[in-house]
Amino acid sequence: MSVKFVVFVLNFLGCNYLMSGVASVFPVVNPVQRSIATRKGSSVTLVCFGRNVNPLDTMSVWKFKGQVIKQGGNKKVRTRWLPGGTGNFSLHITNVSDKDVGQYMCSLSVANFNKLDVAESFIKLKLYSSVRWPKGTYALPMPVSGCPKGKKALWSEGFLKQNTEDTTPLSNWSRPTHLKGLKKNNVITQHFCVKEKKSGSDEWPAGKYCIFKKGKCPPGFEEGSIKWDDEDTKNDNKASGVLPDGDYGKDTVVDFCCRSDGSADKPIELPMREPFFLLKHSSSCQLVMGMLVTEEWVFWDCEDKENKNLVSGKIPESFVAKDVKLYYCYYIEK
Ligand SMILES: *[C@@H]1O[C@H](CO)[C@@H](O)[C@H](O)[C@H]1NC(C)=O
Ligand SMILES: *[C@@H]1O[C@H](CO)[C@@H](O)[C@H](O)[C@H]1NC(C)=O
Ligand SMILES: *[C@@H]1O[C@H](CO)[C@@H](O)[C@H](O)[C@H]1NC(C)=O
């Protein structure tokens, strides 16, 4: 293997390394996961894979906050040499606490004459309890348990009652439902948790899911809307409090923000202290780390006469014709 090629491989894999002289075989190291979130008190294993390594002259160490981790306490280092000059370098941490949170580094060094060729790679360990709601303004469906609680009051609340078709009323919903609000065959009430402040440190993660629009869609989302043609005769729709962007009168328009820039099967990180809802984007609900997900739906029996239901832009998984069916994803801690 030429040096050029080795350098290319290292750059391509995004590793940090120090080049010392001209080596024929540089060690390469890669984390299996770059970021791990876990629960307080749980056990976790950080794993790095190395190539161009061998038990004779490769030294491996794990570092935490710049210090070499010594065997013992709640941390156990393990090295398994595998065929083909590869190796599995793992760090097992038991009873994870706040003290263990931070950046870990696995470092491999190979003696090359009187110098060391070093390859390093980083893994970030977080506690779920430190994950915050992403920044930006948006709204989520409110579960029966209420808006997720945080250290600070994060959510404004509002509700929307839609008077759906009164003649042979067929509005319906999945049961049991965890969506807050009175529902009858001619009434669908939804409650909303609305984040009006831009505060937050992280962006919404890539994936396949939707939220309600409030102000500008956060980065990565595309907007869309659904118009519900509600009951025309003696309509008693009611909207109160803080609501997602839309138009709330005798008919209803609600705006959405949807994204489809990642796999729904790759769990994303969101706060897991309390139950919450996202809206389903397509064939399956987005997975969220540490949370169990179930799908729920609501069916609005819309005005039968000269129905004016309408969709535009990107909207959640739905069925919209003369009636509207919308799919939700409900999350509770595993
Ligand atoms: C690497 O080692 C860790 C800890 O011994 C183990 O849990 C993991 O399954 C190993 N992975 C592979 C692919 O060998
Ligand atoms: C886990 O760590 C906490 C402190 O963070 C300690 O109070 C507790 O006794 C530990 N539990 C075990 C099983 O070691
Ligand atoms: C509501 O939906 C359930 C499940 O799909 C169905 O069994 C039931 O007949 C529906 N009720 C009405 C009034 O459409």
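Modeller: We begin with a definition: two strands pair if DSSP finds at least two bridges between them. Strands (E, at least two residues) and helices (H or I, at least four residues) are DSSP runs, numbered from the N terminus. This is a predicted model, in which local features need pLDDT of at least 70 and side-chain atom pairs count only at pLDDT 80 or more, whereas totals for chains, interfaces and linings use all residues. Residues are numbered from 1 along each chain as its sequence is written, while chains are lettered from A and ligands numbered from 1 in the order in which they are written.

Colleague: What is the mean pLDDT of the chain?

Modeller: The mean is 90, and 92% of the residues reach 70 or more; pLDDT is the predictor's confidence in each residue, from 0 to 100.

Colleague: Where does pLDDT stay under 50?

Modeller: That happens over residues 1–23, for which the model has 29 contacts beyond four places in sequence. Two residues are in contact if their C-beta atoms, placed from the backbone, lie within 7 Å. Where pLDDT is low, the predicted coordinates should not be read in detail.

Colleague: Now the ligand. Which residues are around ligand 1?

Modeller: They are Thr 45, Val 47, Arg 78, Arg 80, Asn 88 and Ser 90; a residue counts here if its C-beta atom, placed from the backbone, lies within 6 Å of the molecule. By type, the shell has 1 nonpolar, 3 polar and 2 charged residues. In that scheme Ala, Val, Leu, Ile, Met, Phe, Trp, Tyr, Cys and Pro are nonpolar, Asp, Glu, Lys and Arg are charged, and the others, Gly among them, are polar.

Colleague: How many bridges join β4 to β8?

Modeller: There are 8, and the two strands run antiparallel. One pair is Val 47 with its bridge partner Ser 90 in β8. β7 also pairs with β8 in the antiparallel sense, over 8 bridges, and there Lys 76 stands opposite His 92. The hairpin of β7 and β8 has 3 residues between the strands, and in it Gly 84 takes a positive phi near 75 degrees.

Colleague: What does the UniProt annotation say about residues 27–117?

Modeller: The unreviewed UniProt entry annotates them as "domain: Ig-like"; such annotations, given in the numbering used here with shortened feature names, may be inferred rather than shown by experiment. Over residues 27–117 the chain is 0% helix and 60% strand, and the end C-alpha atoms are 7 Å apart.

Colleague: On to backbone angles. Which phi does Asn 52 have, positive or negative?

Modeller: Asn 52 has a positive phi of about 60 degrees although it is not a glycine. Most residues other than glycine have a negative phi, and most peptide bonds are trans. Asn 52 lies in the loop between β4 and β5 (58–64). Thr 168, also not a glycine, has a positive phi of about 45 degrees, and its place is in the loop between β12 (156–163) and β13 (172–173).

Colleague: Is Thr 168 buried or exposed?

Modeller: Thr 168 is exposed, because it has 9 other C-beta atoms within 10 Å. Asn 52 is buried, because it has 23.

Colleague: Where is the cis peptide bond?

Modeller: It joins Arg 175 and Pro 176, with omega about -5 degrees. Pro 176 is in the loop between β13 and β14 (183–184).

Colleague: Which strand does β13 pair with?

Modeller: β13 is joined by 2 bridges to β22 (residues 291–300), and they run antiparallel; Asn 172 has Phe 299 as its bridge partner. β22 also pairs with β25 (residues 324–333) in the antiparallel sense over 10 bridges, with Glu 295 partnered by Cys 329.

How values were computed:
A residue is buried if 20 or more other C-beta atoms lie within 10 Å of its own, exposed if 12 or fewer, and partly exposed in between; C-beta atoms are placed from the backbone.
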